[in-house]
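Thanks for passing this one along. Here are my notes, in the order I would walk through them with you at the screen.

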Amino acid sequence: MSNGKFYITTPIYYPSAKLHIGHTYCTVATDAMARYMRMRGYDVMFLTGTDEHGQKIEQKAREAGVTPQQFVDNIVDGPRGIRDLWKLMNISNDRFIRTTDDYHVEAIQKIFKKMYEKGDIYKGKYKGKYCTPCESFWTETQLVDGKCPDCGREVVDAEEEAYFFRLSKYADRVQALLETPGFLEPASRVNEMINNFIKPGLEDLCVSRTSFTWGVPVDFDPGHVVYVWIDALSNYITALGYMNEKYDDFEKYWPADVHFVGKEIVRFHSIIWPAMLMSMELPMPKKIYGHGWLNFNGEKMSKSRGNVVDPYILAERYGVDTLRFFLLREFPFGSDGNFTNELLISRINIDLANSLGNLVSRTVAMIEKYFGGVLPAARAADPMDDELIAMAGALRGIYQQQMDKFAFQNAIVEVFKVLGRANKYIDETMPWMLAKDEANRPRLASVMYNLLETIRICTILLKPIIPDSCEKIFAQIGAGAELTTWDSAAVFGSMPAEAAVKKGEAVFPRIDVEKELAALNELTTVQEEPKEEVPVKPQIAFDEFDKVEMRVCKILECENVKKSKKLLRFKLDDGSAQPRQILSGIAEFYKPEELVGKTVAAVVNLAPRKMMGLESNGMLISAEAKDRCHLLMLDDAIPAGSILC
């Protein structure tokens with residue numbers, strides 16, 4: 001990490017009419033890291049914002065009967081828009097960029113021209129496949145079953161005059177960068193990028209469009225607008241004043257210490273973005289960290305699935321800090337996490353209400369009851385204090401190790417180990433028994449002081465996660481500003497001898513599980529979208545249908561296709577003398593070892609088709625439902641080669 005400054009970013013978010021808890025996940029994590037680094041004394045720049053150009057926005061605005069600018073303005077700055085959500089979630093970003101900001105548009109035009117004049121952007125003609133939802137171009141070989149390899153949606157043919165970025169020129173340098181330890185994390189993302197994108201051959205990237213107008217104009221060639229990823233990725237430097245006069249701290253903060261991004265856009269940030277920076281002869285960001293997805297009841301959360309969870313509902317019902325805590329405590333940041341209402345309520349009660357909230361309430365209440373709210377200076381230590389004091393005193397160092405690795409969950413767990421030990425300490429020392437004998441007052445005072453100090457240290461370390469609640473705890477335990485600093489968290493015994501407390505409302509009240517789950521399940525029930533009429537293909541004659549030959553097949557072998565995220569290669573016994581090879585894009589739904597030995601149905605008289613350099617002779621029969629592909633399984637008693645009729 002940098003000495004003195006720390007520049008951290010979230011991706012700039014695509015304006016969506018329906019914000020869900022998944023949108024808050026990355027931003028809350030980024031905010032927690034920014035607060036942590038500020039607490040340690042770093043000069044932090046925390047950037048977030050919105051990516052507002054592209055064909056999708058133009059189409060949605062047209063459907064809504066407004067201009068594209070009006071459309072994005074409403075989503076970004078309108079009621080319950082993106083800025084409102086960040087304010088609600090107590091996000092402490094230092095800067096917010098919109099790609100429609102004048103200074104950004106100016107900078108993008110200069111960046112595009114600079115790369116063009118260097119020879120890294122050239123004019124050509126694009127003819128290929130385009131995924132409108134992803135705003136991504138694909139070659140025929142990159143498609144999976146003829147669809148976008150990222151989102152699985154249909155692609156369209158696109159042919160137009162365009163400018164191209166010489167991405168292929170930087171393939172070797174980008175691979176070397178990816179192989180640099182620590183540049184891309186988690187480490188599992190590195191092989192994915194190299195094997196799926198670098199080794200198959202990086203192709204030059206189409207970086208302008210003429211088929212729509214909602215984008216940054218190419219100022220030296222009217223009719224062209226800059227491709228959205230050149231536009232969007234450059235925000236990390238334009239927001240610091242690169243190629244514009246809005247800000248002047250590029251030299252101070254660049255290179256970024258870390259870009260936090262969702263795993264679905266790691267490719268753009270770890271391959272395209274570094275290549276762009278190489279073209280501009282600028283330093284590389286120090287780290288790209290691709291976090292996992294937040295799933296809902298086992299499925300990826302998305303508007304199209306109708307399974308989004310409204311962060312406003314949860315924050316208004318349980319408090320912002322509770323939601324922030326749950327997101328960072330429950331899910332390892334680099335992996336996918338599964339949101340359920342049961343997990344949320346359980347985490348609130350177990351950690352926040354019991355381990356932390358109850359400890360604070362009990363400690364403050366006992367000090368008020370036994371000492372009138374002010375501890376006496378007289379103390380009586382005991383060996384049974386040693387373990388708690390040692391754990392609390394060592395906590396900051398352990399916590400720092402985890403936070404520096406962006407292991408938010410682990411850092412929080414370490415804090416709660418100490419809080420759990422403090423609760424056990426109460427049971428061991430039994431303050432209520434000590435209070436019965438006046439001679440035990442020094443010992444009782446020592447026990448109460450140890451509890452206060454433990455709470456103080458733990459609360460300091462929880463400040464980046466639950467900032468407002470921590471301030472309430474500090475007020476109750478009488479910890480002034482000088483006792484809530486990073487430095488003070490390393491010293492057990494910083495509280496004054498005659499510490500004073502002031503009881504307040506429970507910071508985290510316990511929740512009635514059964515009652516609350518019923519209410520919450522009703523509030524977060526997946527709302528089914530109106531069912532669209534399923535299109536039916538034109539009728540065909542029986543003779544045409546009779547030409548299709550479908551046979552029962554046994555799966556002899558199954559393996560992943562090395563260059564594809566979605567393709568599986570099958571070797572099938574179709575009843576003939578030779579095994580049949582078929583490729584099918586179902587790798588995200590099945591593990592190869594699960595399918596060996598299964599009985600399936602296949603169309604066996606399709607003309608051969610090449611995918612990823614392999615020949616596929618037929619098609620397995622499957623059904624699509626709720627964004628999942630279900631392979632048709634048959635009774636194993638049916639012999640291979642049997643005809644489906």
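1. Let me begin at M430, which is partly exposed, with a relative accessible area of 37%. Please keep in mind throughout that this is a predicted model. M430 sits in the loop between α16 (408-429) and α17 (431-434). Together with W432 and M433, M430 makes up a nonpolar patch on the surface, and the accessible area of the three together is about 270 Å².

2. Next, the cysteines. How many disulfides does a search of the whole structure find? The count is zero. A disulfide is a covalent bond between the sulfur atoms of two cysteines. For C206, the closest cysteine sulfur is in C131, 14 Å away, and that is too far for a bond; the cut-off used for a disulfide is 2.5 Å between the sulfur atoms. C458 is in no disulfide either, with the sulfur of C470, the nearest, 10 Å away.

3. Are these two cysteines buried or exposed? C206 is buried, at a relative accessible area of 2%, and C458 is buried too, at 1%.

4. Now have a look at helix α13, residues 320-330. The helix is mostly covered, with ten of its eleven residues buried.

5. Six strands form an open sheet with parallel pairing, in the order β3-β2-β1-β11-β12-β7. Its edges are β3 (95-98) and β7 (184-185); each has a single partner strand, so one side of each is left without a neighbour in the sheet.

6. Strands β11 (residues 258-262) and β12 (residues 288-291) run parallel and are joined by four bridges. Across this pair, F260 stands opposite Y289 in β12.

7. Finally, D336. This residue is found in the loop between α13 and β15 (337-339), and D336 is partly exposed, with a relative accessible area of 35%. Which residues does D336 touch, leaving aside those up to four places away in sequence? The contacts are K263, G292, W293 and N295. As for F212, D336 is 124 residues from it in sequence, and the two are 35 Å apart in space, C-alpha to C-alpha.

Conventions. Residues are numbered from 1 along each chain as its sequence is written. This is a predicted model: local features need pLDDT of at least 70, side-chain atom pairs count only at pLDDT 80 or more; totals for chains, interfaces and linings use all residues. Side-chain values use heavy atoms; hydrogens and water are left out. Patches are made of residues with over 30% relative accessible area and no salt bridge: like charges are joined within 9 Å, nonpolar side chains (Val, Leu, Ile, Met, Phe, Trp, Tyr) within 5 Å. Accessible areas come from the Shrake-Rupley method with a 1.4 Å probe; for residues, only the protein chains shown count as cover. A salt bridge is a side-chain nitrogen of Lys or Arg within 4 Å of a carboxyl oxygen of Asp or Glu. Helices (H or I, at least four residues) and strands (E, at least two) are DSSP runs, numbered from the N terminus. Buried means under 20% relative accessible area, exposed over 50%, partly exposed in between (1.4 Å probe, protein chains only). Two strands pair if DSSP finds at least two bridges between them. Contact means heavy atoms within 4.5 Å.
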